[in-house]
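The points can be read with the structure open beside them.

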Amino acid sequence: MATKYQSVRGMRDIIEPEIAAWQRYEQVVLAAFERYCYQELRLPVVEKTALFQHSIGEVTDIVEKEMYTFPDRDGENLSLRPEGTAGCVRAAVQQGLLSQSRKLWYGGPMFRYERPQKGRY
């Protein structure tokens with residue numbers, strides 16, 4: 001029986017048996033980060049659009065065409081993060097993480113409006 005609700009183009013559900021492979025991969029990666037003294041940084045999924053305009057450049061395909069941007073209740077433009085570097089640098093500066101040498105890692109979903117290549121999500 002088909003449902004009228006379908007996942008968004010370029011997105012998919014990860015279920016068994018594939019989820020087990022993802023979990024094994026994540027365990028190996030986390031162990032390597034820990035072994036080499038990387039610290040996890042969890043970034044917000046939503047950032048101010050100006051952060052990406054400043055860091056990526058206002059005249060780039062990402063900023064002009066590929067970001068999911070919307071105004072908040074106060075009229076400030078917010079965006080779903082299209083990449084993590086800008087948010088990582090913002091967090092490091094804002095949280096005072098630059099005062100000593102650190103190795104950071106981050107992960108999580110990134111959102112871009114583009115047609116995914118075949119076999120990619």
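1. **Overall layout.** From the N terminus on, the elements run α-β-β-α-α-β-β-α-β. That makes 4 helices and 5 strands. Keep in mind that this is a predicted model. The chain has 121 residues, and 20% of them count as buried. Its accessible surface comes to about 9,800 Å². Carbon and sulfur atoms hold 53% of that area. Among contacts with a separation of 6 or more, 72% join residues 24 or more positions apart.

2. Look next at the open sheet of 3 strands, with the order 2-4-3 and antiparallel pairing. Which strands are at its edges? They are strand 2 (46-48) and strand 3 (69-71), and each pairs on one side only. Neighbouring strands of this sheet are turned by 35 degrees against each other on average, direction ignored.

3. **Strand pairing.** Strand 4 covers residues 77-80 and pairs with strand 2 over 3 bridges, in the antiparallel sense. Strand 3 also pairs with strand 4 in the antiparallel sense, over 3 bridges. For V46, the bridge partner in strand 4 is L80.

4. **The hairpin.** Strand 3 and strand 4 form a hairpin with 5 residues between the strands. Within this hairpin G75 has a positive phi, near 85 degrees.

5. **Helix 4.** Helix 4 spans residues 85-94, and its buried residues are A86, G87, C88, A91 and A92. Just after helix 4 comes G96, with a positive phi of about 70 degrees.

6. The salt bridge count for the model is 5. In one of them, the side chains of E47 and R90 meet at 2.9 Å, N to O. E47 lies in strand 2 and R90 in helix 4, so the pair ties together parts that are 43 residues apart in sequence. Is E47 buried or exposed? It is buried, with a relative accessible area of 8%. R90 counts as partly exposed, at 22% relative accessibility.

7. R112 forms a salt bridge with E66, and their closest N and O atoms are 3.9 Å apart. The rule asks for a distance within 4 Å, so this pair still counts. R112 lies in the segment after strand 5 (104-105) and E66 in helix 3 (residues 61-66), so the pair ties together parts that are 46 residues apart in sequence. E66 counts as buried at 13% relative accessibility. R112 is partly exposed, with a relative accessible area of 32%.

8. R42 is exposed, with a relative accessible area of 70%. E40 is partly exposed, at 41%.

9. **Surface patch.** I14, W22 and Y25 form a nonpolar patch on the surface. Together they have about 310 Å² of accessible area. W22 sits in helix 1 (residues 18-35). The relative accessible area of W22 is 35%, so this residue is partly exposed.

10. **Backbone details to check.** Most residues other than glycine have a negative phi, and most peptide bonds are trans. Two places deserve a look with that in mind. The peptide bond from E16 to P17 is cis, with omega near 5 degrees. P17 lies in the segment before helix 1. Where is C37 found? C37 is in the loop between helix 1 and strand 1 (39-40). It is exposed, with a relative accessible area of 56%.

Methods
Residues numbered from 1 in each chain as written. Predicted model: local features only at pLDDT ≥ 70, side-chain atom pairs only at ≥ 80, totals over all residues. Heavy atoms only, no water. Patch = residues over 30% accessible without salt bridge, like charges linked within 9 Å, V, L, I, M, F, W, Y side chains within 5 Å. Areas by Shrake-Rupley, 256 points an atom, 1.4 Å probe, with all protein chains shown as cover. Helix = DSSP H or I, 4+ residues; strand = E, 2+ residues; numbered from the N terminus. Buried < 20%, exposed > 50% of the residue type's maximum accessible area, 1.4 Å probe, protein only. Pairing = 2+ DSSP bridges. Axes fitted to C-alpha atoms, helices over the stretch in contact; angles between N-to-C directions. Contact = heavy atoms within 4.5 Å.
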